[in-house]
Amino acid sequence: ATSCKFDTKFSLKTAVLTGIALKGEFDLFCQYIDDTESSLKYWLGEFVEEHCNAKSQDSESTRIEILVETKLKELIEHLQATVKSTMDEETALEPWLKQFHQAVTSNGAISLNLEEILSHMT
C-alpha cells in the first residue's frame, strides 16, 4: 500500500501523477489531462480502497476490519452502559425509550430516530 500525506494540492497531484507513471499506462495520463477532476476522484477512490483493504502490520485483518471491530466494540460497550444506567423496573417502556434515546444521543455517538422506533410499538 502506498503511504502518502496530502498536505497540499500539489502533493496530491504529485502522488496521482506518480501513481499513473508507475502503472505505465499512457491512456491514464491522457485521461488525467482531459479530465483532471474525474481522474483525481478515481485515483483517490482506489487509494482509499487499497489503504483500507491493506493488512495491518500486527494482524491478518485489514485496516477497515480492525476499525469496524474497534468502533463496534466501543458502540456496544456504550449501549450496554447506557442500558444499565437507565434501567428502572418501574419505568414503562415508552418513557424508558425516551430516557435511553436521550442518554445515547447526548454525546453524538449514535443517531436514533425515536419517532420511528415508537411508531413500531403501536
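1. **Ground rules.** Keep in mind that this is a predicted model: local features need pLDDT of at least 70, side-chain atom pairs count only at pLDDT 80 or more, and totals for chains, interfaces and linings use all residues. Numbering starts from 1 along each chain as its sequence is written, and side-chain values use heavy atoms, with hydrogens and water left out.

2. **Overall make-up.** The protein has six helices and zero strands, giving the pattern α-α-α-α-α-α along the sequence. Helices here are DSSP runs of H or I with at least four residues, strands are E runs of at least two, and numbering goes from the N terminus. Of the 122 residues, 20% are buried (buried is under 20% relative accessible area, exposed is over 50%, partly exposed is in between, with a 1.4 Å probe and protein chains only). The accessible surface is about 9,500 Å², and carbon and sulfur atoms hold 55% of that; the areas come from the Shrake-Rupley method with a 1.4 Å probe, and for residues only the protein chains shown count as cover. Among contacts (heavy atoms within 4.5 Å) with a separation of 6 or more, 35% link residues 24 or more positions apart.

3. **α1 against α2.** Helix α1 (residues 9-23) packs on helix α2 (residues 26-34) at about 150°, and the axes are 8 Å apart. Axes are lines fitted to C-alpha atoms, for helices over the stretch in contact, and angles run from 0 to 180 degrees between N-to-C directions. That angle makes α1 roughly antiparallel to α2 (under 35 degrees is roughly parallel, over 145 roughly antiparallel, 65 to 115 roughly perpendicular, and the rest oblique). On the α1 side the contact uses Lys13, Val16, Leu17, Ile20 and Lys23, and on the α2 side Leu28, Phe29 and Tyr32. By class, that is six nonpolar, no polar and two charged residues. For the record, Ala, Val, Leu, Ile, Met, Phe, Trp, Tyr, Cys and Pro count as nonpolar, Asp, Glu, Lys and Arg as charged, and the others, Gly among them, as polar.

4. **α2 against α3.** Helix α3 (residues 36-53) meets α2 at an angle of about 125°, with axes 5 Å apart, which makes α2 oblique to α3. Gln31, Tyr32, Ile33 and Asp34 of α2 make the contact with Thr36, Ser39 and Leu40 of α3. Here the classes come out as three nonpolar, three polar and one charged.

5. **Ser39 up close.** Ser39 is in helix α3 and counts as buried, at 12% relative accessibility. Apart from neighbours within four places in sequence, Ser39 contacts Gln31 and Tyr32.

6. **Aromatic pairs.** A search of the whole structure turns up two aromatic pairs. Rings of Phe, Tyr and Trp (its six-membered ring) pair if their centres lie within 6.5 Å; planes under 30 degrees apart are stacked, over 60 edge-to-face, and the rest tilted. Phe26 and Phe29 have ring centres 6.1 Å apart and planes at 40°, so this pair is tilted. Both lie in helix α2, three residues apart, about one turn of the helix. Phe26 is exposed at 60% relative accessible area, while Phe29 is partly exposed at 33%. For Trp43 and Phe47, the centres are 5.2 Å apart and the planes at 15°, so the pair is stacked. Trp43 and Phe47 are four residues apart in helix α3, or about one helical turn, and both are buried.

7. **Phe6.** Take a look at the segment before α1, where Phe6 lies. Phe6 is partly exposed, with a relative accessible area of 30%. Beyond residues up to four places away in sequence, Phe6 touches Ser11, Leu12, Ala15, Trp43, Leu44 and Phe47.

8. Thr62 sits in the loop between α3 and α4 and is buried, at 10% relative accessibility. Setting aside residues up to four places away, Thr62 touches Cys52, Asn53, Ala54, Lys55 and Ser56. Ile64 belongs to helix α4 (residues 63-86) and is partly exposed at 32%. Ile64 contacts Cys52 and Asn53, again leaving aside neighbours within four places. Ile64 and Asn53 are eleven residues apart in sequence and 6.4 Å apart in space, C-alpha to C-alpha.
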